[in-house]
Amino acid sequence: MRTKRITVRVKLLNGKHILITGGAGFIGSNMVEMLAETNRITVVDNLSNVDDRYIRRYLSKKNFRFLKEDISSLQERTDLRDVDVVVHLAANSDVRNGSNGPEVDFRNNVAGTFNLLEYMRKNDVGEILFASSSTVYGEASLLPTPENYGPYMPISSYGASKMAGEGFITSYSHYYGMRGTIFRFANIVGKNSTHGVIFDFIRKLQKNREELEILGDGTQRKSYMHVQDCVGSMIHVHERSAKTDIINLGNRETTSVTKIAHTVAEKMGLHDAKFRYTGGLDGRGWAGDVKVAQLDVNKLFSTGWANKYNSDQSVEVAVEETLEQMGKGK
Ligand SMILES: NC(=O)c1ccc[n+]([C@@H]2O[C@H](COP(=O)([O-])OP(=O)(O)OC[C@H]3O[C@@H](n4cnc5c(N)ncnc54)[C@H](O)[C@@H]3O)[C@@H](O)[C@H]2O)c1
């Protein structure tokens, strides 16, 4: 059965010049789609993860500009002085490879964020929305985990780099009067995804329709949020907040990896596919994988925001959307 599709609409930022870093990527291209109708958009993306396929249709539009460059080089630009708001999504988004080379997280996510903030300071750009992550909490002993949980003990260099990014934003807010809204995302899924568990399972089953390799023991449980709810709630929350703040984004429920595998196999019509679990360290998918991530989202809902999809529905819709984009593999 197909999950009913809903279009998320929010009161949009209006008539602003918005700089979206990482705007060619998964969440970034959905953000472009949400904001481009009523604002002037500049996307900065070095295309290190994906080409420009998801923003190509905007390239000829008058209110849209694409700069193929690294966020660290923005400081040298003299033509980006009239930006009103930065939506900072550019990052090394590959959590899995941290243990093989943590320097990538440092360079893109820590130094990159610092350089972006320096560009903002020098050009009087006063507002930033930042994509942080539930990984800052590490293996929280309190579930669901609220924003004021501590101490933070990330178990991946990715989580550590997001924690550093948050700290630079709050300190720049204090020093220079910027307003930052820091969003700790659960797992975001949906259209234009280029990585993550759903994308991996589909790709693997397209290659081998009989057997699906599942990293870990399949009991890893996380909260999934649809990308439309993610970008919609970011704008909704930022427009209603008066000062720098931190907020969890996700759903109340969680979905297990094995359940996702069943959903993918079922929607691909592969009812007899066998699941082979790699086991992993304590059943984790990889070193640095948090086994259970469940965010307390009361603060989000107290702003009047309601997600259109719960965790399971987000996964179902995302599987359908990803299959439409990747082909059914038949
Ligand atoms: N997808 C999720 O579930 C999730 C969860 C938590 C946090 N996040 C964060 O949300 C943001 C967007 O994630 P996504 O899933 O869309 O990932 P993505 O990889 O699709 O998008 C990131 C984009 O940033 C670009 N980029 C990377 N380093 C850059 C640099 N130094 N300069 C310029 N561009 C650069 C990449 O080319 C890519 O297009 C990231 O900051 C990520 O860490 C995502």
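In this predicted model, Ile246 is partly exposed, as 18 other C-beta atoms lie within 10 Å of its own; a buried residue would have 20 or more. The residue belongs to strand S11, which spans residues 245–249. When neighbours within four places in sequence are left aside, Ile246 is in contact with Glu147, Glu166, Ile182 and Arg184. Between Ile246 and Asn100 there are 146 residues of separation in sequence, and their C-alpha atoms are 30 Å apart in space.

The packing of two helices was examined next. Helix H2 (residues 103–122) packs with helix H3 (residues 157–176) at an angle of about 15 degrees, and the two axes are 8 Å apart. Because angles under 35 degrees count as roughly parallel, H2 and H3 are described as roughly parallel to each other. Their crossing is right-handed. On the H2 side, the contact is formed by Asp105, Phe106, Asn109, Val110, Thr113, Phe114, Leu117 and Arg121. Residues of H3 that take part include Tyr158, Lys162, Phe168, Ile169 and Tyr172. By class, the residues of this contact comprise ten nonpolar, five polar and three charged.

The ligand is surrounded by 28 residues, of which Gly22, Gly25, Ala91, Ser93 and Ala131 are the closest. At least two residues of this shell come from each of helix H1 (26–35), H2, strand S5 (127–133) and strand S7 (187–189). The most is given by H1, with three residues. The shell is made up of 13 nonpolar, 13 polar and two charged residues.

Notes. Residues numbered from 1 in each chain as written. Predicted model: local features only at pLDDT ≥ 70, side-chain atom pairs only at ≥ 80, totals over all residues. Axes fitted to C-alpha atoms, helices over the stretch in contact; angles between N-to-C directions. Helix = DSSP H or I, 4+ residues; strand = E, 2+ residues; numbered from the N terminus. Parallel < 35°, antiparallel > 145°, perpendicular 65-115°, else oblique. Left-handed = near helix turned anticlockwise from the far one by under 90°. Contact = placed C-beta atoms within 7 Å. Nonpolar A, V, L, I, M, F, W, Y, C, P; charged D, E, K, R; others polar. Near = placed C-beta within 6 Å. Buried ≥ 20, exposed ≤ 12 C-beta atoms within 10 Å, placed from the backbone.
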